[in-house]
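User: I am new to reading protein models. Can you show me how to look at helix packing and pockets?

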Amino acid sequence: MELIVLTLATFFSTLLGGLFAIKFKDKLHPIMAFAAGVLLGVVTFDIFPEIIRQIADNNFDPIEAMIALVVGFLLFHILEKSILIHHNHENDYKEHKHPQVGILSALALIGHSFMDGVGIGLGFQINTAVGLLVAIAVISHDFTDGMNTVTLMLTNKNTTKKSKIFLLFDALTPILGAISTLFFKVSPHFLVLYLGFFAGFLLYIGASDILPEAHSEKSSYKLIGLTILGVIFIFCITRFT
Ligand SMILES: [Zn+2]
């Protein structure tokens, strides 16, 4: 029962974040500056401590998670740039933006949202208290998942309508992820590799897509301040959950 209520909360949290980004799409630059800080915070204060904990608890070799991180970073880089190489031959000096890059990023986030749901489900397999803790962590960052999905879609020249469809997928997948845990178990080994991979992906889109895009018109101390605020925001959230 709790599982259903909590995954519904992730649904609305993601949806609200995305709608927020759509409503303020004229102000995407400040939102992106903040989001870049959020991504850095998620990688360092949420994902990395979890990787280290899992490695320590299970006596894994740390290099595996780090290889997964590099693969996540490079794989996304290669996919993104291949799309651009493929489509930009005829106008090499035009702006480097393509809707498919937005879709690729959004799909990666949707895959992650599925894992968010899996995380909640697995938490409840341990016990209700752990399930609740994971759910709170997921619900509180899902707002930014939704925001990032829409922001990446819109800045890569996708339509608002298409962005909304991907947002809806992003909001629905945690529910599917949670339901899936009724049928299978994820091993800690897989979890560590997944977390490493996802950390690499987030570092890449944060530093190579979102942050440069935030500063693409003009840089300001306000934008820099928003990025720092994003980091502090996630630091505080992860301390409380
Ligand atoms: Zn998430």
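Analyst: Start with the word contact. Two residues are in contact when their heavy atoms lie within 4.5 Å. Keep in mind that this is a predicted model.

User: Which residues of α1 meet α6?

Analyst: The α1 side has Leu3, Thr7, Leu8, Thr10, Phe11, Thr14, Leu15, Gly18, Leu19 and Ile22. The α6 side has Thr160, Lys164, Leu167, Leu168, Asp170, Ala171, Leu172, Pro174, Ile175 and Ala178. Sorted by class, this contact has 13 nonpolar, five polar and two charged residues.

User: At what angle do α1 and α6 pack?

Analyst: Angles over 145 degrees count as roughly antiparallel. Helix α1 covers residues 2–23 and helix α6 covers residues 160–180. They pack at about 160°, and their axes are 9 Å apart. Therefore α1 is roughly antiparallel to α6. The crossing of α1 past α6 is right-handed.

User: Now α5 and α6. How far apart are their axes?

Analyst: The axes of α5 and α6 are 9 Å apart, and the packing angle is about 150°. So α5 is roughly antiparallel to α6. α5 passes α6 in a right-handed crossing.

User: Which residues of α5 and α6 make the contact?

Analyst: From α5 come Asp142, Asp145, Gly146, Thr149, Val150, Met153 and Leu154. From α6 come Thr160, Lys162, Ser163, Phe166, Leu167, Asp170 and Pro174. In this contact of α5 with α6, six residues are nonpolar, four polar and four charged.

User: Next pair: α4 and α7. Is their crossing left-handed or right-handed?

Analyst: Take the angle before the hand. Helix α4 spans residues 99–126 and helix α7 spans residues 188–214. Their axes come within 12 Å and cross at roughly 150°. So α4 runs roughly antiparallel to α7. The crossing of α4 and α7 is left-handed.

User: What residues make that contact, and how do they divide by class?

Analyst: α4 brings Ser105, Ala108, Leu109, His112 and Met115. α7 brings Phe190, Tyr194, Phe198 and Phe201. Seven residues of the α4 contact with α7 are nonpolar, two are polar and none is charged.

User: On to pockets. How much space lies in the largest pocket?

Analyst: With a pocket, ask about its space, then its lining. The largest pocket holds about 1,200 Å³ of space. Its lining has 46 residues. Nearest its centre lie Asp46, Glu50, Gly119, Val134 and Leu191.

User: Which helices supply the lining of the largest pocket?

Analyst: At least two residues each come from α2 (28–58), α4, α5 (128–155), α7 and α8 (221–240). The largest share, twelve residues, comes from α2.

User: How does the lining of the largest pocket divide by class?

Analyst: The lining of the largest pocket has 25 nonpolar, 13 polar and eight charged residues.

Conventions
Residues numbered from 1 in each chain as written. Predicted model: local features only at pLDDT ≥ 70, side-chain atom pairs only at ≥ 80, totals over all residues. Heavy atoms only, no water. Axes fitted to C-alpha atoms, helices over the stretch in contact; angles between N-to-C directions. Helix = DSSP H or I, 4+ residues; strand = E, 2+ residues; numbered from the N terminus. Parallel < 35°, antiparallel > 145°, perpendicular 65-115°, else oblique. Left-handed = near helix turned anticlockwise from the far one by under 90°. Nonpolar A, V, L, I, M, F, W, Y, C, P; charged D, E, K, R; others polar. 1 Å grid on protein atoms, 1.4 Å probe; cavity = no way out; pocket = protein on both sides within 12 Å on 5 of 7 lines; lining within 4 Å. Points joined across faces, edges and corners; volume = space filled by probe spheres on them.
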